[in-house]
Every structure is written in structure tokens, then in C-alpha cells.
Amino acid sequence: MLEEKEDPSGVQQRARHFAATELAERASEFDRQEYLPKDVIRKMADAGFLGAAVPEKWGGLGLDPLEYGELTESIGKACASTRALLTVHTSLVAETLVERASNQLKEKYLTDLALGRRIGCFALSEAGAGSDAASVTTAYRSEKGVFVLDGRKKWISFAGIADLFLVFAKENDATSAFLVERDTPGVEIQPMSGMLGNRAAHMAEISFTGVEVPVENLVSSIGMGFGLVANTALHHGRYSIAWAGVAIAQAALETMCAYAAERVQFGVKIGSQQLVQKMIADAVTQVGAARELCRRAGRLQMERSPDAAIETNIAKYFSSTIAQQVTSDAVQVLGGNGCWDQYPAERLFREAKVLEIIEGTSQLQQLMIADHGFKKFAGAGSGWGK
Amino acid sequence: MPNEAVMDVETVTPVEDDTVAKAATVVRNYVRSNMSALRDEDLHDEDNIFEKGFVTSIFAMQLLDFIETTFDVEVPDDRITLQNFSSVQRISRMVGELKNA
């Protein structure tokens, strides 16, 4: 964590205070009710957190990637669904508009998003288009000076309450991205429930039936929706998820340490058992390594390094993997209590699993990382064995 | 990305400007450094890098950032099209036009 002296605006201190007082005690309730209350979202907006990574000229806090990562960790450690709001609204939507939208679109929507006057969501996935996101079937056509959208999106976090949807649709083989307002005729929302994690994230399906979108609501240009807009969004989303993994793993580490320091079995605290210590040692090491990978990705983003994208993928892959391992160990250390929803371990365990799926599965990350490995290291080792 | 690339077959003017030629060298090297090490096929300046599968879709984002950072240009919205980013030849010509504008 950054020291307080490195937090001149006090935003990190405010985030930690908000997480401790508004989220930590209520996260379990949000999870059970599958509902993130509007007062929480309002307070996130009032604190400026929803525009954390948006430049100040557009109403945001202008945090750099490292600062935004630390904020994400603080929020995510207390409540995964609230952190999901940062991932979706701030990273996937607002940051993408900062980079890829025209000034006209920014003026129309970005300040509202940064200030939380509108909530955004990212509508890419469909029932038949998950990892193969380029295979979306939601269609658009140009007609009488507008774009007309038809299709159906699924697994869209915060679609249940969002005011603005970043939608990906296809005409022939050209995927394009559009901003669609919720109250546009032809838009229908069907809430989803029963999810493994992020239960309070207002997940929903969205159907579009003859939805007319103004021409100026095209993001970037025709045909650049997947290659440029979606990939930009997913890059920011993966960075957010990488920090989310650190957050959940840190929470699990603290939970298991506190429990093992108190719980007595066989007449001794279970923390004195070497096999329990092994799990704690692994967790300490893994959480530290994941946080450093996240920071490395953040620094490369600040330098606009060509390696920023792949290093972000590496951080996301590693931190989501270790979050699953550490939360599993936390459940193990807590035993029966680890399986009970009156303790946080089981919720952290469920939330961690989700991170291995969203914003590109671990398997997709492995493919990209292996490809990077061949490019970077095959030449260096070409003389091996000769 | 290859399956969504909509390209015309317009003939591109051969590279003649010095700025364009230098840009072509830099872009060619960058694209090559991002091609799969498991592919044996070589890259030609007129090849459509997405349709031929030399690079993956995520490369479009990296390529735009690389061009703006390396050549100190801002690619305007109306230039950000699949066509302008489809080959070393087209990219370097666009860079030359932006530098000479």
C-alpha cells in the first residue's frame, strides 16, 4: 500500500475509510440480497470514485493507473460487487470513452459518467458469444440517418440499473461500438439472478428491437468496434480485475491469519500447526507477487509501453489464479466456519472463481501469454543444445 | 479480427517519400516483433496483417498506441479505419501524411 504521505489528495485514505465503514460490514448482506443499494452507488459517486481514472477536465479524479489500482484494491477487499461497479462503469466504459470516443461523445456523456450522474455498462457478451466475443450476432444497419440495432446481450453487469450501454454489434463482418441510452424505445432489460459471484452487480440481459441510435453515438469508427474499442475496454477491465484478485486474496489472507491466531484445536492455536503455516506462507508470498505484477503493469501503462497490454494480461492471469488458491486455503483454515455464510471466506472463495472467467478466461490469457513467450524468448534460446 | 476485416482492393501508391520509407521500416519491424514465432510465412509490406493472421485483434489497439507514441502524431478519428491499419504500406503512408500535414 502507498504510504499516506504519497496520497496528497487523501483519496486513498477516503477510499479505505469508505470501504471500512460503508462496505465491509454490508458486503455479505448485498451478496445475500443480490442487490447493491443505490445509496452505496450514490456515495461512491459523491466521493468521486466512479470517475477515479477519468481526467479532471472531464470531471474525474485523474488518478494514474497505480493510484487507481490501489483504490480498486481498497474497495474490492471490502466488497466485490462494489468493486465490480468500478470495473464496469469506470474501467470498461469511462476509460474506454476517454481513449476512443470523439470529443462530441465525451461532451455528451463522459462528465456525467465521471460524476456518477449516469451509470454505464459494457454490453459485449451474448448467449453464444463469450470467449469468442468477435462472434456477436447483435446486428446493426444504417437507415435514414440512424443506426438500427437488433439482438440480445447476456451476462451484462449493472445492466439492471445502467443508464448508458456500450453495445457491440455487427453488420456483415464489421463489428462496431455504440452508446445506447437506456430509455431508447426497443430496449428491454431482464434481470438475472443466481450467480456464483458478483451477486449484487445488477446483472441482466438486454434485448434490442429496432433500437435507433444517433449516428454520433458510434464510438471510434465503423469496423473498429472489436479490434479497437472492445480491446481497449478489456485492457482496462483486465487491469481492474488484476487488482480485484489482489483485493480478494488480501482479504482472504487477513481472514485466515486472524482465525488461525485464535482458533484452538488439540489444545493449541491452529496457527502453530506447520501445515496451516504453509498455507499462510504461500498466501503472503502470492499476494505480494500479484500486487507487484499489478504495479508493474500500471507503471508500463503510465509509460505507454508496448508491453503494457501483455503485462496487464499476465497480472490478471496470475492474480486471479492466486486469488482462487488463497481463498480456497482460507476456507480450509476456517473449516466448517469457512463453509458458512456467517464468515467471509465462502463469499471470497466464490468471488475469486469469477475472476478466472470474466474479462478473458485464464485459458485465453494463457494462450496470449504463451504467444508472447515465443516472441520474446524463442530467439534468445535459439542456440540451445548446439 | 481477420473475419471482420472489410478491406477494399484499391491499389496503394508505392512508397516514395523518405518519411514514409523510414516509417515503413519502423512499422515493419514492430509488426514482425508481434507476429507469432510459430509462423514461418514472411511479412510483405502490402500484406493485410489481420486477414493473413499475422497478428491478433488485440494488436489493433497496441498498433495505434505505438504509432502515436513512436511518430509523435495523433491519428484523427476519421483516419482510424481498418483500411488504414491493414498493412505496413498503408500504415506508413498514413504516418507520412500525418507528419507532413
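The following legends describe close-up views of a predicted model.

**View 1. The interface between chain B and chain A.** Chain B contributes 25 residues to this contact, and chain A contributes 24 residues. The area buried between the two chains is about 2,100 Å², with carbon and sulfur atoms giving 58% of that area. Three salt bridges are found across the interface of chain B and chain A. Two residue pairs in polar contact, both at pLDDT 80 or more, are also found across this interface. On the side of chain B that touches chain A, the elements that give two or more residues are helix H1 (18–33) and helix H2 (59–70) of chain B. H2(B) supplies the largest share of that side, with seven residues. By class, the side of chain B that touches chain A consists of 13 nonpolar, eight polar and four charged residues.

**View 2. The salt bridge between Arg304(A) and Glu68(B).** The closest N and O atoms of Arg304(A) and Glu68(B) lie 3.7 Å apart.

**View 3. The domains of chain A, and the interface of domain 1 with domain 2.** The domain assignment divides chain A into domain 1 (4–118), domain 2 (121–222) and domain 3 (226–376). The centres of domain 1 and domain 2 of chain A, taken over C-alpha atoms, are separated by 22 Å. In the contact between these domains, 25 residues of domain 1 meet 23 residues of domain 2. About 2,100 Å² of area is buried between domain 1 and domain 2 of chain A, and carbon and sulfur atoms give 65% of it. Three salt bridges are found across this interface, and eight residue pairs are in polar contact, both at pLDDT 80 or more. The elements of chain A that give two or more residues to the domain 1 side are helix H2 (27–33), helix H5 (80–100) and helix H6 (103–114). The largest share of the domain 1 side, eleven residues, comes from H5(A). That side has 15 nonpolar, three polar and seven charged residues.

**View 4. The salt bridge between Glu181(A) and Arg118(A).** The side chains of Glu181(A) and Arg118(A) meet at an N to O distance of 3.9 Å.

View 5. Glu205(A) is located in strand S7 (residues 204–214) of chain A. Glu205(A) counts as buried because its relative accessible area is 17%, below the 20% cut-off. Not counting residues up to four places away in sequence, Glu205(A) touches Arg152(A), Lys153(A), Lys154(A), Glu188(A), Ile189(A), Gln190(A) and Met192(A). With the side chain of Arg152(A), the side chain of Glu205(A) makes a polar contact of 2.9 Å.

Notes:
Residues are numbered from 1 along each chain as its sequence is written. Chains are lettered from A and ligands numbered from 1 in the order in which they are written. This is a predicted model: local features need pLDDT of at least 70, side-chain atom pairs count only at pLDDT 80 or more; totals for chains, interfaces and linings use all residues. Side-chain values use heavy atoms; hydrogens and water are left out. Contact means heavy atoms within 4.5 Å. Buried area is the accessible area (1.4 Å probe) that two parts lose on being put together, summed over both. A salt bridge is a side-chain nitrogen of Lys or Arg within 4 Å of a carboxyl oxygen of Asp or Glu. A polar contact is a pair of N or O atoms within 3.5 Å; within protein, one must be able to donate a hydrogen and the other to accept it, and residues adjacent in sequence count only if both atoms are side-chain atoms. Helices (H or I, at least four residues) and strands (E, at least two) are DSSP runs, numbered from the N terminus. Ala, Val, Leu, Ile, Met, Phe, Trp, Tyr, Cys and Pro count as nonpolar, Asp, Glu, Lys and Arg as charged, and the others, Gly among them, as polar. Buried means under 20% relative accessible area, exposed over 50%, partly exposed in between (1.4 Å probe, protein chains only). Domain bounds come from an automatic or database domain assignment.
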